[in-house]
Amino acid sequence: MDWLTHVIWQNGKLFGIDWSVWKIIGWGGNAAFFSRFFVQWYATEKKKQVVVPTAFWWLSLAGSLLLLTYSLHQEDSVFIFAYLFTWIPYIRNLVIHRRHQNAHTNCPACGKSCPPQSNFCPHCGARLTAVGASVTSPALR
Ligand SMILES: [Zn+2]
């Protein structure tokens, strides 16, 4: 366990790092960026299919903005360019997700949320479209 103490506490400093506000911002960005993989992995294992939860995009956005802030402070052009535009797809994915969530309708029979443009409730099977609409169930043909 002496080696572990040496890794955590080196030369009287946590992880041997000279901590400052800027180091906290930079390492906070690294932590947010790194943790998103575990969030995505957990969501995928839980559903047994590849899933990218919104928490992944929020962590990506937070991590990239923190790392961009740190890189601007460091005045490192390579590091700045790496995070200068990454926020665009993260915000776009969050906007698309919000629009998709808002397009859901609640089932009049069971009250659960149904995907946009559904004809039938995936939870209870109740018809969601108005009677007389042009869409007919394959079972009714
Ligand atoms: Zn229903």
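Residues are numbered from 1 along each chain as its sequence is written. Because the model is predicted, local features need pLDDT of at least 70 and side-chain atom pairs count only at pLDDT 80 or more, while totals for chains, interfaces and linings use all residues.

Confidence comes first. The protein has a mean pLDDT of 90, where pLDDT is the predictor's confidence in each residue, from 0 to 100. Of its residues, 91% reach 70 or more. Helices (H or I, at least four residues) and strands (E, at least two) are DSSP runs, numbered from the N terminus. Where pLDDT is low, the predicted coordinates should not be read in detail.

Next, the core. A residue is called buried if 20 or more other C-beta atoms lie within 10 Å of its own, exposed if 12 or fewer, and partly exposed in between, with C-beta atoms placed from the backbone. A nonpolar core is a set of buried Ala, Val, Leu, Ile, Met, Phe, Trp, Tyr and Cys residues joined through C-beta atoms within 7 Å. The largest one is made up of 5 residues, namely L66, L67, L68, Y70 and Y83. Helix α3 supplies the largest share of this core, with 4 residues. Leaving aside residues up to four places away in sequence, L67 touches G26, G29, F33 and Y83.

Helix α5 (residues 87–102) is another story: the count of buried residues among its 16 is 0.

Finally, the loops. Both N11 and G12 lie in the loop between β1 and β2. N11 counts as exposed because 7 other C-beta atoms are within 10 Å, and G12 is exposed with 6. The C-alpha atoms of G12 and F38 are separated by 31 Å, at 26 residues apart along the chain.

Most residues other than glycine have a negative phi. N11, however, has a positive phi near 50°, and Q117, also not a glycine, has one of about 60°. Q117 is found in the segment after β4 (113–114) and counts as exposed, with 10 C-beta neighbours inside 10 Å.

Methods
Two residues are in contact if their C-beta atoms, placed from the backbone, lie within 7 Å.
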